[in-house]
Amino acid sequence: MIRVELPDVPGSLGRVASAIGEAGGDIEAIEIVEKRDGFAVDDVLLEIAPGTMPDSIVSACSVLDGVSVLWVNRYAAGGNLFLDLEVVEALTEDPANAQDRLIDLLPITFRVDWAARLRRDGDGWAVAHATDAAPTEFDLDEVTAPTRLPDHEIYVECAAPFGRDLVLIGRRGGPEFLDSELARLEHLLGLAMTISHA
């Protein structure tokens with residue numbers, strides 16, 4: 001998976017796709033993550049030919065005018081991107097368990113390593129539901145809106161209120177969560193809350 005920033009003009013994505021192909025990558029899926037100030041940020045899921053180094057794909061993209069590779073990493077969640085509509089469909093299948101089901105789906109939806117729903121427990125937070133890779137202890141201040149958390153040694157994290165609870169997601173090594181991802185997380189949490197109380 002690579003995250004690229006490219007000019008939001010006709011032909012930019014085609015140039016990036018051609019560069020990836022010439023460097024030995026095969027595009028499996030593309031998701032637009034954000035558009036801002038004449039640029040787009042896209043996540044590109046790739047299959048790389050045996051013997052191809054990810055650095056060669058990064059280099060092929062980086063030499064293109066106005067294109068920056070913001071992040072590259074293995075994508076362990078499976079062979080596709082998981083769209084928000086698929087999340088909503090999964091939540092509506094079992095409304096009583098929608099809140100926990102959302103936590104289970106956040107890692108593949110946001111391409112993160114883990115997700116956790118925390119509940120206030122005295123002066124701290126206790127894990128109410130989490131994916132397998134989530135930490136078991138959290139030291140957090142109150143969070144009143146979706147926000148990026150201060151730097152962690154291993155993970156880039158963000159948190160958002162979820163009714164009386166708090167949802168955290170974390171990526172090993174990045175990339176930093178974009179404003180659009182924070183807004184998207186807030187939206188999905190709101191939908192899960194509505195579905196679970198329907």
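## Close-up views of a predicted model

View 1. Arg-117 is found in strand S5, and with 6% relative accessibility Arg-117 counts as buried; buried means under 20% relative accessible area, exposed over 50%, and partly exposed in between, with a 1.4 Å probe and protein chains only. Helices (H or I, at least four residues) and strands (E, at least two) are DSSP runs, numbered from the N terminus. This is a predicted model, in which local features need pLDDT of at least 70 and side-chain atom pairs count only at pLDDT 80 or more, while totals for chains, interfaces and linings use all residues. Residues are numbered from 1 along each chain as its sequence is written, and side-chain values use heavy atoms, with hydrogens and water left out.

**View 2. Arg-111 in the loop between helix H4 and strand S5.** Arg-111 is placed in the loop between helix H4 (98-110) and S5, and at 7% relative accessibility Arg-111 counts as buried. Its side chain makes a polar contact of 2.7 Å with the side chain of Glu-31, and another, of 2.5 Å, with the side chain of Asp-43. Although Arg-111 is not a glycine, Arg-111 has a positive phi of about 55°.

**View 3. Asp-37 in the loop between strands S2 and S3.** Asp-37 has a phi near 45°, a positive value in a residue other than glycine. The loop that holds Asp-37 runs between strand S2 (25-36) and strand S3 (39-48), and at 77% relative accessibility Asp-37 counts as exposed.

View 4. A search of the whole structure finds 2 aromatic pairs; rings of Phe, Tyr and Trp (its six-membered ring) pair if their centres lie within 6.5 Å, and planes under 30 degrees apart count as stacked, over 60 as edge-to-face and the rest as tilted. The rings of Trp-114 and Phe-138 have their centres 6.0 Å apart and their planes at 55°, so this pair is tilted. Trp-114 lies in strand S5 (residues 114-121) and Phe-138 in the loop between strand S6 (124-130) and strand S7 (147-148), so the pair ties together parts that are 24 residues apart in sequence. Trp-114 is buried, with a relative accessible area of 0%, and Phe-138 counts as buried at 13% relative accessibility. Trp-114 and Tyr-155 form an edge-to-face aromatic pair, with 5.7 Å from centre to centre and 90° between the planes. Because Trp-114 lies in strand S5 and Tyr-155 in strand S8 (residues 155-162), this pair ties together parts that are 41 residues apart in sequence. Tyr-155 counts as buried at 13% relative accessibility, and Trp-114, Phe-138 and Tyr-155 form one aromatic cluster.

**View 5. Two arginines placed over aromatic rings.** The charged end of Arg-120 sits over the ring of Trp-125, 4.2 Å from its centre; a charge sits over a ring if NZ of Lys or CZ of Arg is within 6 Å of the ring centre and within 35 degrees of the ring normal. The charged end of Arg-184 likewise sits over the ring of Phe-110, 4.4 Å from its centre.

**View 6. Ile-154 in the loop between strands S7 and S8.** Ile-154 lies in the loop between S7 and S8, and at 40% relative accessibility Ile-154 counts as partly exposed. Ile-154 and Asp-43 are 111 residues apart in sequence and, C-alpha to C-alpha, 21 Å apart in space.

Conventions:
A polar contact is a pair of N or O atoms within 3.5 Å; within protein, one must be able to donate a hydrogen and the other to accept it, and residues adjacent in sequence count only if both atoms are side-chain atoms.
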